[in-house]
Amino acid sequence: MSESVNVSIIYYSATGTVHALAQAAVEGAEKAGAQVRLRKVAETVPQEVINTREEWAQHVRDTADVAQATLDDVEWADVVLLGTPTRFGNPASQLRAFVETTGPLWFQGKLAGKVYSAFTSSSTEHGGQESTILALANTFYHWGGIIVPPGYTDPVKAQQGNPYGTSHVAGTGAPGETALGAARHQARRTVEIAAALKAGRTA
Ligand SMILES: Cc1cc2nc3c(=O)[nH]c(=O)nc-3n(C[C@H](O)[C@H](O)[C@H](O)COP(=O)(O)O)c2cc1C
């Protein structure tokens, strides 16, 4: 059913948490039959600043082979999933910087009608996960997107607990099966809805 759905998973991650969620989303989307691109956004922080935190520098090395997001990745996609750590309750500036390059696509109406969803992480439980996802949703509205939240549409969501999008409390350690399962489910659900939309549009 989902073979013709293209999914771009575009994320920023400094120390690997959001990257792990993004990889799980890749698994979920591929299992649903989608063509998937995993893309990191460009780093805007100087290397000497990154080097002040070994886990940050290590993650940059570990993900050197992940392709950098381009506007073509957005234009190509039927589903765009955005992932970002919380930064004072908002998306990371690195992801925002990429989002703010999409003006030409928006101007041509090429961002409208796609399926969008978002995921995040924060250090603490009440550190701004929902506000970060909702902040990205503001952009999805401007794009004329179809926002597909996970809600509580799978038992894993009752465990993971965030109906706005997958999220993980990084202060408790790396994402475990619950958060990874929620990311897989979120991606699968967006693929299924995009496939139904495509089928309806071509009917
Ligand atoms: C500038 C800055 C602001 C942050 N703001 C918050 C915050 O508001 N709430 C919170 O819980 N964590 C906050 N954090 C922690 C990050 O959200 C956390 O390190 C991140 O989710 C880990 O994801 P990553 O491993 O993908 O980089 C902040 C971190 C930085 C560097």
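1. Which residue with positive phi follows α1? That residue is Gly33, with phi near 95 degrees. The model is predicted: local features need pLDDT of at least 70, side-chain atom pairs count only at pLDDT 80 or more, and totals for chains, interfaces and linings use all residues. Residues are numbered from 1 along each chain as its sequence is written.

2. Helices (DSSP runs of H or I, at least four residues) and strands (runs of E, at least two) are numbered from the N terminus. With 15 residues, α1 reaches 22 Å from its first C-alpha to its last, close to the 21 Å expected at 1.5 Å a residue; the expected span is 1.5 Å times one less than the number of residues.

3. Helix α1 is largely enclosed by the rest of the structure, because 11 of its 15 residues are buried (20 or more other C-beta atoms within 10 Å of a residue's own, C-beta atoms being placed from the backbone). Among them are Thr17, His19 and Gly28. The buried residues pack against β1 (6–11), β2 (35–40), β3, β5, β7 and α9 (177–202), two residues being in contact if their C-beta atoms lie within 7 Å.

4. The ligand is surrounded by 18 residues, the closest being Ser13, Thr17, Pro85, Ser122 and Gly127 (C-beta atom within 6 Å of the molecule). Two or more residues each come from α1 (17–31), β3 (79–87) and β5 (115–122), and β3 gives the largest share, three residues.

5. Tyr164 lies in the loop between α8 (155–160) and β7 (167–169). Tyr164 is buried, with 21 other C-beta atoms within 10 Å. Beyond its neighbours within four places in sequence, Tyr164 contacts Glu130, Ile133, Leu134 and Pro149.

Terms used. A residue is buried if 20 or more other C-beta atoms lie within 10 Å of its own, exposed if 12 or fewer, and partly exposed in between; C-beta atoms are placed from the backbone.
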